[in-house]
Amino acid sequence: MTGLAATGTPFTVGTPALNFGIFAFFVVVTLVIAVSAAGRNRSTNDYYAGGRAFTGWQNGIAIGGDYLSAASFLGIAGIIAIYGYDGFLYSIGFLVGWLLVLMLISEPFRNTGRYTMADVLDLRLKAPPVRAAAAVSTLTVSLFYLLAQMAGAGALVSLLLGVKSTVGQDLVVAVVGILMIFYVLVGGMKGTTWVQIVKATILAASAAVTTVWVLSRAGFSLPSLLQHAAASSPAGTRVLGPGLEYGVSTTTKLDFVSLALALVLGTAGLPHVLMRLYTVPNAREARRSVVWTIWLVGLFYLCTLLLGFGAMWLVGGKRIQAAPGGGDSAVPLLADKLGGTLLFGIVAAVAFATILAVVAGLTITASASFAHDVYAGLVRHGEAEPGDEIRVARITAVVIGTVAVIGGAYAKGIEVAFLVGLAFAIAASANLPSILYSLFWPRFTERGALWSIYGGLITSVGLIIFSPVVSGASSSLITDRHVNFAFFPLNNPGIVAIPVAFFLGWLGTITDRRPADSARFARMQVRALTGVGAERGGRA
């Protein structure tokens with residue numbers, strides 16, 4: 001983690017009035033889309049899954065819109081612009097994780113659940129404590145991910161509108177929170193999905209246009225672009241090879257391995273991504289969704305490589321690090337260098353629309369988990385009225401939005417991609433082991449699920465708390481250098497927390513005196529492989 005915060009140097013890009021006009025236009029457009037596409041959310045099926053009315057290609061683009069967050073558009077390109085090759089490792093990890101979703105998760109997950117990850121575990125184990133544990137895990141991952149988006153929003157709009165004060169940036173984060181709450185309250189999953197589709201299309205088009213523009217400046221020659229970038233970097237040709245960020249010491253090398261594990265395995269445990277598999281009518285469309293997502297995400301990440309090196313060449317690392325948000329400002333600054341105020345305003349506004357759409361998806365996932373798993377599943381024992389459940393989901397969205405705003409205010413100045421890496425580590429630790437064990441291990445039991453979920457959650461969050469992320473470094477959340485309780489040396493806990501979670505799931509199962517229900521596992525396997533009983537998202 002580098003903690004590329006603003007230096008406090010006066011920094012102005014473009015015309016704030018024009019930037020605000022473009023920014024307001026994108027906000028209004030997304031609000032209109034959310035309201036007009038939502039229709040009436042009378043049932044939980046409408047509110048949580050959009051009526052399961054989306055096709056594979058529509059949902060695939062929407063998933064891409066949900067997945068291509070501020071970390072992808074701003075964070076990765078910014079890290080590449082400063083560290084070169086090592087920054088591109090984020091892109092590789094984010095993309096490779098989708099292969100796991102495609103091959104192991106998409107179809108059986110769609111067939112065995114209704115709205116949330118907890119539905120899959122409940123179908124297999126039928127244990128209220130497991131449903132509660134899954135809800136806690138979903139809320140934790142969603143909040144960590146929300147912190148990253150909020151941090152990106154503060155930095156981006158500060159650059160867009162020339163907001164330099166801490167109070168002004170906090171106000172920007174609050175506005176983002178209000179907008180995302182509105183999306184969820186009014187649009188539900190259907191409105192949010194259409195916002196994601198439009199946002200993903202505009203985002204991909206903006207990235208493609210800017211990428212072609214960068215290549216044109218280098219004579220449409222990739223080697224020439226890389227040579228210019230290396231010549232502009234203080235590190236020289238070292239930016240074209242590994243090791244600039246993660247090869248300094250054994251600790252940084254281990255940090256890289258830990259980050260790679262989190263990124264590759266975390267995708268299959270992200271609750272807001274998994275929930276989107278339920279918005280299609282069947283498992284075949286779910287698989288098609290993932291294929292569309294892989295193409296969209298893969299092409300986009302190729303663009304981030306060129307955008308990052310283009311920013312290294314045309315903008316320069318010093319100017320990027322001096323801007324509000326540091327590395328996260330690389331792409332908007334590159335747009336300003338290429339196309340002036342207009343392109344800068346468009347790219348920055350598209351990035352802001354990206355943040356809005358992603359935080360809306362995260363919020364509806366977290367609120368659905370609480371309302372569906374905790375309120376309807378545990379408090380009302382499955383007997384809640386749809387209207388009551390939706391009302392609880394909306395109240396939860398307001399609470400989550402408020403918490404995210406407060407947390408985002410504290411997370412300013414930390415790289416967005418780095419914060420997302422932490423969310424991936426928690427998802428890979430707390431969620432993935434129990435999902436895979438439930439789908440594929442006949443002996444898996446309730447104790448194994450509880451030990452895996454809580455063990456992975458406590459280990460990953462605990463190691464983050466006792467790492468340089470929170471204290472002991474100049475870029476830590478606690479800036480007082482005299483406060484240091486970072487006994488865990490790595491910034492990302494994945495290398496420890498993920499194996500611990502898998503081990504605890506195995507250990508809890510083999511020490512459980514109550515045997516697994518083989519008949520229930522058999523029924524789950526039939527449903528997972530054939531889709532029988534899953535057409536309407538019903539229970540087996």
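## A buried arginine

Arginine 131 is buried, with a relative accessible area of 4%, where buried means under 20% relative accessible area, exposed means over 50%, and partly exposed lies in between (1.4 Å probe, protein chains only). This is a predicted model, in which local features need pLDDT of at least 70 and side-chain atom pairs count only at pLDDT 80 or more, while totals for chains, interfaces and linings use all residues. Residues are numbered from 1 along each chain as its sequence is written, and side-chain values use heavy atoms, with hydrogens and water left out.

## The chain as a whole

The chain has 20 helices and zero strands, both being DSSP runs numbered from the N terminus, with at least four residues (H or I) for a helix and at least two (E) for a strand. Its radius of gyration is 22 Å, close to the 24 Å that the globule rule gives for 540 residues, so the chain is as compact as a globular protein of that length; the radius is taken over C-alpha atoms, and the rule is 2.2 Å times the number of residues to the power 0.38. Along the principal axes, the C-alpha trace spans about 65 × 50 × 45 Å.

Of the 540 residues, 62% count as buried. Among contacts (heavy atoms within 4.5 Å) with a separation of 6 or more, 84% are between residues 24 or more positions apart. The chain exposes about 19,100 Å², and carbon and sulfur atoms supply 67% of that area, as computed by the Shrake-Rupley method with a 1.4 Å probe, where for residues only the protein chains shown count as cover.

## Salt bridges around arginine 131

A search of the whole structure finds 11 salt bridges, a salt bridge being a side-chain nitrogen of Lys or Arg within 4 Å of a carboxyl oxygen of Asp or Glu. In one of them, the side chains of arginine 131 and aspartate 119 meet at 3.0 Å, N to O. This pair links distant parts of the chain, since arginine 131 lies in helix H7 (residues 128–161) and aspartate 119 in helix H6 (residues 117–125), 12 residues apart. Aspartate 119 is buried, with a relative accessible area of 2%.

Arginine 131 also forms a salt bridge with aspartate 122, with the closest N and O atoms 3.3 Å apart, and aspartate 122 counts as buried at 10% relative accessibility. Another salt bridge joins aspartate 512 to arginine 514, where the closest N and O atoms are 3.7 Å apart; here aspartate 512 is buried, with a relative accessible area of 12%, whereas arginine 514 is exposed, at 51%. Salt bridges that share partners join Asp119, Asp122, Lys126, Arg131 and Asp373 into one network.

## Helix H6

Nine of the nine residues of H6 are buried, so this helix is largely enclosed by the rest of the structure. Just after H6, lysine 126 takes a positive phi of about 50 degrees.

## Glutamate 285

Glutamate 285 lies in helix H12, which covers residues 283–314, and this glutamate is buried, with a relative accessible area of 10%. When its neighbours within four places in sequence are left aside, glutamate 285 is in contact with Thr55, Gly56 and Val280.
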